[in-house]
Amino acid sequence: MKVIIVGCGRFGSELAYRLYLAKHEVAVVDHVKDAFNNLPADFNGRLIEGDALNQDVLHRAGIEKADALAAVSNDDSLNIAVAHIANSFYKLKRVVARNYDPQVRPVFERFGIQTVSSSIWGAQRLEELISHPEIRPVLSAGNGEVEVYELFMPSTCAGIKLKELFNIPECIVVAVTRAGNAQFPDGDFILAEDDLVHVSATFSGIEEVRRRLNARAEV
């Protein structure tokens with residue numbers, strides 16, 4: 001896959017290097033030549049110095065034949081503009097952007113640009129790890145609006161039906177693993193201590209799961 005990365009700060013250079021190691025053809029664009037120093041010495045992708053809003057710069061990066069573009073600079077205005085150009089004028093099917101300032105996120109949404117907000121996502125992850133280490137997020141969608149969590153069932157949940165704990169509108173059980181064997185359970189599945197449950201939930205959904213677990217622990 002041919003990928004263009006706009007922005008070669010710590011975020012962009014890490015993304016570019018990961019894609020390069022995955023054997024993709026990567027072109028990195030930045031208006032500051034020294035920014036390329038953020039890339040590891042063994043990176044062998046293409047480096048294009050210049051303004052990504054300049055059509056000639058995008059052409060030199062190979063946008064006509066690109067499969068994807070990621071606008072990940074520290075400038076939200078630049079990321080919005082470049083992502084919109086790639087979407088609207090070059091018809092790239094895979095366009096993503098970094099949202100640097102969470103207050104600007106609604107602008108990305110109005111343009112229909114798929115974003116990752118590192119500050120929102122990172123803050124939510126840290127809050128979960130600090131406040132609720134017993135429930136671990138393993139997969140995040142979007143900016144963390146929906147996530148897949150894994151949690152081990154405590155002894156206080158042994159013998160109850162799955163639906164007694166997880167009949168929550170914003171929480172869906174993905175799988176239950178017992179003794180190394182995973183299965184798709186129905187609501188009448190009887191839980192046992194140390195069952196590993198994977199659930200897909202919103203933040204409010206997983207908070208309700210925590211509340212129910214705490215309530216059972218206090219009985």
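The expected span of a helix is 1.5 Å times one less than its number of residues. The exercises below apply to a predicted model.

**Exercise 1. Compare the span of helix α3 with the expected value, then state which of its residues are buried and what covers them.**

Step 1. Helix α3 covers residues 76–88, which is 13 residues. From the first C-alpha to the last, α3 reaches 18 Å, close to the 18 Å expected at 1.5 Å a residue.

Step 2. Buried means under 20% relative accessible area. In α3 the buried residues are Asp76, Leu78, Asn79, Ile80, Val82, Ala83, Ile85 and Ala86.

Step 3. The cover over these buried residues includes the strands β1 (2–6), β4 (68–71) and β5 (94–98), together with the helices α2 (55–60) and α4 (105–110).

Step 4. At the start of α3, the backbone nitrogen of Ser77 has a side-chain oxygen of Asp75 within 2.9 Å.

**Exercise 2. Locate the partners of the salt bridges Arg60–Asp56 and Arg211–Glu208, and classify the exposure of each residue.**

Step 1. A salt bridge requires a side-chain nitrogen of Lys or Arg within 4 Å of a carboxyl oxygen of Asp or Glu. In the pair Arg60 and Asp56, the closest N and O atoms are 3.4 Å apart. For Arg211 and Glu208, the N to O value is 2.7 Å.

Step 2. Arg60 and Asp56 both belong to helix α2 and are four residues apart, about one turn of the helix. Arg211 and Glu208 both lie in helix α7 (residues 203–218), three residues apart, again about one turn.

Step 3. An α-helix has 3.6 residues a turn, so residues three or four places apart point the same way.

Step 4. Arg60, at 38%, is partly exposed, as is Asp56 at 45%. Arg211 is partly exposed at 47%, and Glu208 is partly exposed at 21%.

**Exercise 3. State how many salt bridges the model contains, and name a network among them.**

Step 1. With the 4 Å cut-off, the count comes to ten salt bridges.

Step 2. Arg105, Glu109 and Glu145 are joined in a salt-bridge network.

Note on methods. Residues numbered from 1 in each chain as written. Predicted model: local features only at pLDDT ≥ 70, side-chain atom pairs only at ≥ 80, totals over all residues. Heavy atoms only, no water. Helix = DSSP H or I, 4+ residues; strand = E, 2+ residues; numbered from the N terminus. Buried < 20%, exposed > 50% of the residue type's maximum accessible area, 1.4 Å probe, protein only. Contact = heavy atoms within 4.5 Å. Polar contact = N/O pair within 3.5 Å; in protein donor to acceptor, adjacent residues only side chain to side chain.
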